[in-house]
Amino acid sequence: MATVRLMADDELTAEAVEVFEEIRAARGTDYVNNFWRALAHDPAQLRATWDRLKTVMAPGALDPMVKEMVYLAVSTANSCSYCIHSHTAAAKAKGMTEEMHAELLAVIGMAMQTNGLVTAMQVEVDDAFKV
């Protein structure tokens, strides 16, 4: 259950309406998902988050699908069910195949296992790995 009510379009401030219009245009859809509707209670935070997301997730040295896959891995590590679903869908929309998804899940699982072991054992970092 959400801790804040999702904002309907007719409840939005002018600033939130502007962000929602940008989201719709960027995504080529009339749909604005629940995350943005929850953030709309705080239009300044909504604007800041949307602007930062556009910058970080834009094409760059990493292509957008890879960025979505990284987002999915971090969301898994942070146990964010909403973001796991959202960014799995986004990665698939950007070309992630079922085979790529399965391999990504295997890497996430392996990293979680070895992270847990090395954390429990408090293994010191090798000098060769320090940058």
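Buried means under 20% relative accessible area, exposed means over 50%, and partly exposed lies in between, using a 1.4 Å probe and protein chains only.

First, the ground rules. This is a predicted model, where local features need pLDDT of at least 70, side-chain atom pairs count only at pLDDT 80 or more, and totals for chains, interfaces and linings use all residues. Residues are numbered from 1 along each chain as its sequence is written, and side-chain values use heavy atoms, with hydrogens and water left out.

Start with S75. It sits in helix α4, residues 64-77. Helices here are DSSP runs of H or I, at least four residues, numbered from the N terminus. Is S75 buried or exposed? S75 is buried, because its relative accessible area is 4%. What does S75 contact, leaving aside neighbours within four places in sequence? The partners are C80, C83 and I84. Contact means heavy atoms within 4.5 Å.

Next, Y82. This residue belongs to helix α5, residues 81-93. Y82 has a relative accessible area of 36%, so it counts as partly exposed. Not counting residues up to four places away in sequence, Y82 touches N33, N34 and F35. Now take E68. Y82 and E68 are 14 residues apart in sequence, and 14 Å apart in space, C-alpha to C-alpha.

Last, V123. Look in the segment after α6, which spans 98-121. V123 is partly exposed because its relative accessibility is 47%.

That's the tour. To recap: S75 is buried, while Y82 is partly exposed.

Conventions:
Helices (H or I, at least four residues) and strands (E, at least two) are DSSP runs, numbered from the N terminus.
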